[in-house]
Every structure is written in structure tokens, then in C-alpha cells.
Amino acid sequence: MFRRKQRQSGSLEDRIRAALGNPDWLQGVRVQDNERVTLILDGDPEDLEASEARRIEAEARVMNVAGVTEVRAMLTAERAAGSTPQSNAHTHTASSTGEPKPGHRRVSKGARLSDDAITQGQPGQPTTDRIPGISRILVVASAKGGVGKSTVAVNLAAAFAKLGLKTGLLDADIYGPSAPTMLGTGDASPETDAAGKLIPVEAHGIRSLSIGYLSDPDAPMIWRGPIVMSAITQMLNDAAWGTPEDPLDLLIIDTPPGTGDAQLAIAQKVPVTAAVLVTTPQEVALADVRRGAAMFAKTAVPVLGVVETMSWFEDPAGNRHHLMGQGGGKTIAEALGLPLLAELPILNEIREGGDMGRPAALGDGPSAKLFHELSRSVALNLDSLQTKAPPRIIFED
Ligand SMILES: Nc1ncnc2c1ncn2[C@@H]1O[C@H](COP(=O)(O)OP(=O)(O)OP(=O)(O)O)[C@@H](O)[C@H]1O
């Protein structure tokens with residue numbers, strides 16, 4: 001199990017400063033009631049976007065310091081003489097205000113990575129946090145790269161679109177955006193509407209935005225957390241996914257693999273309804289997957305379950321070959337107390353669909369049936385979040 005955190009040395013303020021790397025732009029740290037934090041940050045009036053990204057990253061980092069339950073970051077920036085100084089305050093609380101609904105449990109803050117903290121909190125996010133025009137957000141995540149996460153995200157989106165749901169895909173995988181290839185939209189560049197909002201690219205009934213549409217495919221991806229979060233925030237909030245009257249039913253976010261700054265920022269800053277974890281049957285470092293699950297638990301994002309992909313290859317005689325190992329998904333699901341939502345075999349049509357820009361889930365082959373079943377299971381789980389407590393993630397010693 002996750003070990004209880006070592007007793008922290010130093011004052012909370014010291015730990016907050018250390019978590020931010022004691023930067024020059026940190027003007028002040030105020031701690032109230034030993035848990036509520038106000039940060040004063042220097043902003044650059046010439047580059048408000050970068051300042052905002054700095055504020056977002058600072059909040060994300062400080063929210064992750066043990067004992068902190070609320071962070072309020074204030075950006076101050078002196079303008080040139082003659083103009084007014086700017087102050088942009090924003091509050092990030094660890095949970096909604098008011099009493100939890102009957103049967104719901106709020107994450108015990110400050111008990112980070114203890115049994116209480118890794119027990120999931122309230123399903124979804126407060127309504128006020130919802131993005132107008134998007135009804136639900138599902139994050140598809142994995143502990144490491146190359147496990148088939150994007151393939152699952154894209155085919156799930158295709159399966160939902162095939163059912164007639166208004167479906168979107170936000171490809172936030174900075175290390176290797178694959179939506180443009182997998183949807184056959186590599187040449188697309190999103191336009192903006194009269195209100196200046198990005199218009200998602202539509203293909204196969206799926207509306208998509210990808211970091212791949214916004215960056216030079218030949219340029220190395222060296223984006224760090226804050227810039228990534230800026231791009232993701234723009235693709236989420238400044239995009240015409242739907243309208244309050246006619247919202248997108250489901251937005252699937254394909255996140256970068258792992259549990260770095262960008263993933264944490266997504267879990268903390270985006271009103272995610274739920275997440276699924278993708279893995280291969282290989283012996284993976286359980287600790288990595290647990291870290292991923294704990295990240296969602298800490299941010300009160302329910303994890304619906306585990307999807308194992310590339311589970312086996314079936315030869316023409318019907319014999320199964322476990323080319324990528326065996327049992328990894330089941331082991332992880334059991335260790336985390338989560339359902340194993342699907343075991344997807346290695347199918348040529350899945351790889352081909354990805355390479356050719358037409359997700360296999362749209363066809364009528366065996367993978368279409370598998371992804372249809374997976375989408376059904378995800379939909380049922382998403383719906384159950386509205387009416388009952390989310391699944392508990394239990395870690396064992
Ligand atoms: N079930 C499957 N059957 C056959 N090929 C698959 C299957 N799942 C994934 N693949 C192939 O494996 C490769 C890696 O898959 P994918 O890009 O989805 O992984 P990823 O985890 O998103 O990787 P990254 O970390 O680079 O984003 C792709 O070529 C994809 O077509």
C-alpha cells in the first residue's frame with residue numbers, strides 16, 4: 001500500500017516554498033489555520049498568458065503539498081507608469097463548499113495518501129465547475145507510454161459517436177499526439193468562430209482538438225506543465241464543443257502517459273467526471289499505476305476501472321498467444337479494487353484502423369463489438385455516478 005507520508009519536517013510555509021523551488025517571482029506565502037494558503041505571485045504584464053500559466057502551475061503544486069486544503073493565488077503585475085496595476089485573484093479549493101449529499105463522502109484533506117485520502121470523494125465535480133457546452137468528461141490515462149491508451153480513447157469516442165452521442169476527443173498527449181493520425185485529420189487546422197472560439201475538427205462523427213493541430217509536427221515537444229495546461233485550458237474552455245442548450249454528451253481526454261505536472265494539472269483543474277486506466281498484460285510496475293490511481297483519488301475523480309489491451313493474439317486455429325505477458329490488467333484491477341472493464345486482444349484491424357485514420361470501432365469487425373461493449377460499460381458506470389457513491393479504491397499493505 002501507499003505508505004503513510006513521513007512526518008513532514010519544516011513549517012508548512014517552508015514546504016510550500018520548497019515545492020515551488022523558491023522562485024524569485026514568489027512574493028509571499030500566507031498560511032491561515034495551518035491549511036489555507038494565499039500565494040502572492042509576480043506576474044509579467046507583457047505576457048499575461050505566461051503569468052496565468054505560472055499561477056495555474058503554482059496552485060497545482062501547492063495543492064499537492066501535504067496539509068494544504070485551499071490555495072488562493074494572486075497575480076500582481078505592475079504596469080508602466082500611468083496605467084492601473086493588475087491583480088487577478090482566483091481560489092482553488094480542494095472540494096465543493098456546503099455539506100456532502102447523503103451517502104457521499106468528501107475526501108479527507110490533509111490525509112494525503114493515507115487510507116482516507118485514497119478513498120474516493122464525491123462523484124464528479126460541483127456543477128458550478130462544469131464547462132458550459134460539455135456534459136461529461138472522461139479521462140483516458142495510463143502509467144506508461146505505448147500501451148494503447150490513444151487507441152482506446154479514439155475507439156471509445158468512435159463507439160460513442162456510432163451510438164449517436166455527441167462525442168468529442170481532446171488529445172492532450174504532448175509527447176505524441178496521435179488523434180490527427182488515428183482520425184485521419186492530420187492536415188486539419190481548427191478554425192475559430194465569430195466569438196473567437198476554436199471550432200473542433202469533425203471526422204467520423206467525432207469532434208476533436210489536439211495539440212497536434214496546434215503545433216509543428218516536426219518540432220520537438222518540449223512543452224512543460226504550465227504551457228501544456230494553457231493549451232489544454234484553451235482547447236477546453238475556448239472551444240465551441242457545444243452550447244449550454246445543445247451540449248456535447250461526452251468529451252474524452254487522451255492524457256499524456258504517467259503522473260507528471262501536466263497530468264496532475266488536468267486532474268486538478270479540469271472538471272473531470274471520471275477516468276479509466278489503460279494497461280497491457282505485461283508485468284508493469286504496480287507502483288506506477290497506483291500513483292496514477294492515487295492522483296485521481298486525491299482530486300476526487302472516480303476511476304471507473306481498468307482496460308487491458310493487447311491481451312493476446314489469436315491465431316487462425318483459435319489458439320491464444322499471450323505475446324505481451326498475461327494477467328497485468330487483472331492484477332492491477334484487483335490491487336486497486338476496481339473492475340476490469342475489458343480485455344482487448346491484438347487485432348490487425350485495430351492497428352490498421354489507427355494507421356489509416358478510420359477507427360476500427362466504426363466498422364463491423366470483431367473490434368467494433370468489443371469497443372461497443374466497452375462503451376456500454378463505461379456509459380453505465382458514468383450514469384451510476386449520478387445516483388450512487390463512486391467505487392472505492394482500496395490499497396493494501
Ligand atoms: N489492441 C490492439 N491491437 C493491435 N494494435 C494495437 C492495439 N492497441 C494498440 N495497438 C497499436 O499499438 C501502437 C501503440 O498504441 P497507442 O498509440 O494507442 O499507444 P499509447 O499508449 O497511446 O502510446 P503513447 O504513449 O505514445 O501515446 C499503435 O500502433 C496501435 O495501433
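The following legends describe close-up views of a predicted model. Residues are numbered from 1 along each chain as its sequence is written. Local features need pLDDT of at least 70 and side-chain atom pairs count only at pLDDT 80 or more, whereas totals for chains, interfaces and linings use all residues.

**View A. The shell around the ligand.** The ligand is surrounded by 20 residues, a residue being near when its C-beta atom, placed from the backbone, lies within 6 Å. The closest are Gly145, Gly148, Lys149, Ser150 and Thr151. Helix 3 (149-162) and helix 10 (348-356) each give two or more residues to this shell; helices are DSSP runs (H or I, at least four residues), strands likewise (E, at least two), numbered from the N terminus. Seven residues of the shell are nonpolar, ten polar and three charged. Ala, Val, Leu, Ile, Met, Phe, Trp, Tyr, Cys and Pro count as nonpolar, Asp, Glu, Lys and Arg as charged, and the others, Gly among them, as polar.

View B. Eight strands form an open sheet in the order 9-10-6-11-5-12-13-16, with mixed pairing; two strands pair if DSSP finds at least two bridges between them. Strand 9 (201-203) and strand 16 (340-344) stand at the edges with a single partner strand each, so one side of each lacks a neighbour in the sheet. Strand 9 runs antiparallel to strand 10 (residues 206-210), joined by three bridges.

**View C. Strand 13 and its partners.** Parallel to strand 13 run strand 12, joined by five bridges, and strand 16, joined by four. Glu308 of strand 13 stands opposite Thr279 and also opposite Glu343 in strand 16.
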